[in-house]
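Trainee: I would like to learn how to read a structure from its contacts. Can we work through one together?

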Amino acid sequence: QVQLVESGGGLVQAGGSLRLSCAASGSILSINAMGWYRQAPGKQRELVARITSGGSTNYADFVKGRFTISRDNAKNTVSLQMNTLKPEDTAVYYCNADVMTTYFIPGDYWGQGTQVNVSS
């Protein structure tokens with residue numbers, strides 16, 4: 001099995017910064033893309049940022065210039081540096097990974113989520 005564990009959420013004032021981290025472990029042969037999604041109360045889960053194993057990134061328009069995604073392929077980790085946070089960034093943030101397991105079975109895995117609250 002594969003587990004994703006997030007850390008780094010919390011409460012911050014508008015304009016502040018947080019850094020989220022996610023570590024993947026378990027029966028991992030390789031990881032293609034890793035990413036961060038978020039879900040605010042009453043809203044659908046949406047993509048925040050995504051990064052491939054080769055380092056190509058894509059960001060949602062609402063975080064461009066404020067958030068930066070990065071990963072360490074050797075450690076199977078992905079991070080999200082969030083700057084200039086806004087109250088509308090308040091949400092549960094989920095880590096996601098597109099994994100090829102050691103059983104040669106591909107899978108899409110999610111972390112349990114970490115809460116980010118931005119006060120005005």
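Mentor: We go from the overall fold to single side chains. This is a predicted model: local features need pLDDT of at least 70, side-chain atom pairs count only at pLDDT 80 or more, and totals for chains, interfaces and linings use all residues. Residues are numbered from 1 along each chain as its sequence is written, and side-chain values use heavy atoms, with hydrogens and water left out.

Trainee: How many helices and strands does the chain have?

Mentor: Helices (H or I, at least four residues) and strands (E, at least two) are DSSP runs, numbered from the N terminus. Here there are zero helices and 11 strands. The radius of gyration, taken over C-alpha atoms, is compared with a globule rule of 2.2 Å times the number of residues to the power 0.38. The chain comes to 14 Å, close to the 14 Å that the rule gives for 120 residues, so it is as compact as a globular protein of that length.

Trainee: Which residues have the most contacts inside the largest nonpolar core?

Mentor: Such a core is a set of buried Ala, Val, Leu, Ile, Met, Phe, Trp, Tyr and Cys residues joined through side-chain atoms within 4.5 Å. Buried means under 20% relative accessible area, exposed over 50%, partly exposed in between (1.4 Å probe, protein chains only). The largest core has 30 residues, and Trp-36, Val-48, Phe-67, Val-78, Leu-80, Met-82 and Tyr-93 have the most contacts inside it. Strand 9 gives the most to this core, with five residues.

Trainee: What kind of aromatic pair do Tyr-37 and Trp-110 form?

Mentor: Rings of Phe, Tyr and Trp (its six-membered ring) pair if their centres lie within 6.5 Å; planes under 30 degrees apart count as stacked, over 60 as edge-to-face and the rest as tilted. The structure holds one such pair. The centres of Tyr-37 and Trp-110 are 5.0 Å apart and the planes are at 65°, so the pair is edge-to-face. Tyr-37 lies in strand 4 and Trp-110 in strand 10, so the pair ties together parts 73 residues apart in sequence. Tyr-37 is buried at 18%, while Trp-110 is partly exposed at 34%.

Trainee: Which rings does the charged end of Arg-45 sit over?

Mentor: A charge sits over a ring if NZ of Lys or CZ of Arg is within 6 Å of the ring centre and within 35 degrees of the ring normal. Arg-45 sits over Tyr-94, 3.7 Å from the ring centre. Arg-45 also sits over Trp-110, 4.7 Å from the ring centre.
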